[in-house]
Amino acid sequence: MKKVSLFLFICILTVSAMDIHSQHINGLVSSSSSKGVRPEIFTTYAFSFKGNSRVLSDSYGNNAASMSALLERVEAERSRIESGEFKIGVSSNTASSGNEKKALRLARSRALVVKSFLIKKAGLREDDFLTSVTADGRSPQDDIVTAGLVPAAGRSSDGTSVKNK
């Protein structure tokens with residue numbers, strides 16, 4: 001069950017991350033995709049970091065807009081997060097540039113920074129998150145952290161219970 005849930009989570013984050021570059025609008029990632037329209041509730045919010053920084057700055061890029069919009073989404077769906085129906089998916093990718101270990105450490109640190117921001121500002125708990133880190137790509141444009149609601153393990157995208165056969 002845990003392996004299936006983890007696999008589904010990684011698939012959701014991978015699909016979201018694949019559409020990032022084509023959907024990036026003013027720091028927010030739209031809810032549409034080439035496969036159709038995702039429900040607005042699953043909009044993904046992009047965060048950027050300067051160079052090799054691990055500091056999440058609201059004055060860098062469009063982070064302020066992403067922070068604000070994500071906090072609003074969390075507040076609107078707080079009861080569903082607290083009930084375990086949804087989690088906050090945080091996906092962090094850093095270009096490897098030949099040193100995958102170093103890139104994974106940086107990606108992990110950045111994911112933790114975004115989670116810490118949400119824990120501090122929105123009062124979330126560590127259990128409210130699903131986290132994925134990768135080291136793909138070769139250029140700084142490949143460095144991105146996204147966060148948004150995802151169905152909790154055993155839930156479909158509309159929040160209903162799913163039983164594994």
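The model is predicted, so local features need pLDDT of at least 70 and side-chain atom pairs count only at pLDDT 80 or more, while totals for chains, interfaces and linings use all residues. Residues are numbered from 1 along each chain as its sequence is written, and side-chain values use heavy atoms, with hydrogens and water left out.

**The overall picture**

- The protein has 5 helices and 8 strands; here helices (H or I, at least four residues) and strands (E, at least two) are DSSP runs, numbered from the N terminus.
- Of the 165 residues in the protein, 42% are buried; buried means under 20% relative accessible area, exposed means over 50%, and partly exposed lies in between (1.4 Å probe, protein chains only).
- Among contacts with a separation of 6 or more, 69% come from residues 24 or more positions apart; a contact means heavy atoms within 4.5 Å.

**Strand E6 and its partners**

- Strand E6 covers residues 86-93, and because 7 of its 8 residues are buried, E6 is largely enclosed by the rest of the structure.
- E6 runs antiparallel to E8, and 8 bridges join them; two strands pair if DSSP finds at least two bridges between them.
- To find this pairing in the structure, look for Phe 86, which stands opposite Pro 151 in E8.
- E6 also pairs with strand E7 (residues 129-134), this time in the parallel sense, over 6 bridges.
- In that pairing, Ser 92 stands opposite Val 133 in E7.

**Strand E5**

- Strand E5 (residues 44-47) is covered on both faces: Thr 44 and Ala 46 are buried on one side, and Tyr 45 and Phe 47 are buried on the other.
- E5 is joined by 3 bridges to strand E8 (residues 144-151), and the two run antiparallel.
- Here Ala 46 stands opposite Thr 146 in E8.

**Helices H3 and H5**

- Helix H3 (residues 63-76) packs against helix H5 (residues 100-122) at an angle of about 55°, with the axes 11 Å apart; axes are lines fitted to C-alpha atoms, for helices over the stretch in contact, and angles run from 0 to 180 degrees between N-to-C directions.
- That angle makes H3 oblique to H5, since angles under 35 degrees count as roughly parallel, over 145 as roughly antiparallel, 65 to 115 as roughly perpendicular and the rest as oblique.
- On the H3 side the meeting residues are Met 67, Leu 70, Leu 71 and Val 74, and on the H5 side they are Phe 117, Leu 118, Lys 121 and Ala 122.
- By class, this contact of H3 with H5 has 7 nonpolar, no polar and 1 charged residues; Ala, Val, Leu, Ile, Met, Phe, Trp, Tyr, Cys and Pro count as nonpolar, Asp, Glu, Lys and Arg as charged, and the others, Gly among them, as polar.

**Two buried residues to look up**

- Asn 63 is found in helix H3, and it counts as buried because its relative accessibility is 0%.
- Asn 63 and Phe 47 are 16 residues apart in sequence, yet 5.4 Å apart in space, C-alpha to C-alpha.
- Leaving aside neighbours within four places in sequence, Asn 63 is in contact with Ala 46, Phe 47, Ser 48, Leu 56, Ser 57 and Asp 58.
- Glu 77 is found in the loop between H3 and helix H4 (78-82), and its 12% relative accessibility is why it counts as buried.
- Not counting residues up to four places away in sequence, Glu 77 touches Ile 41 and Leu 149.
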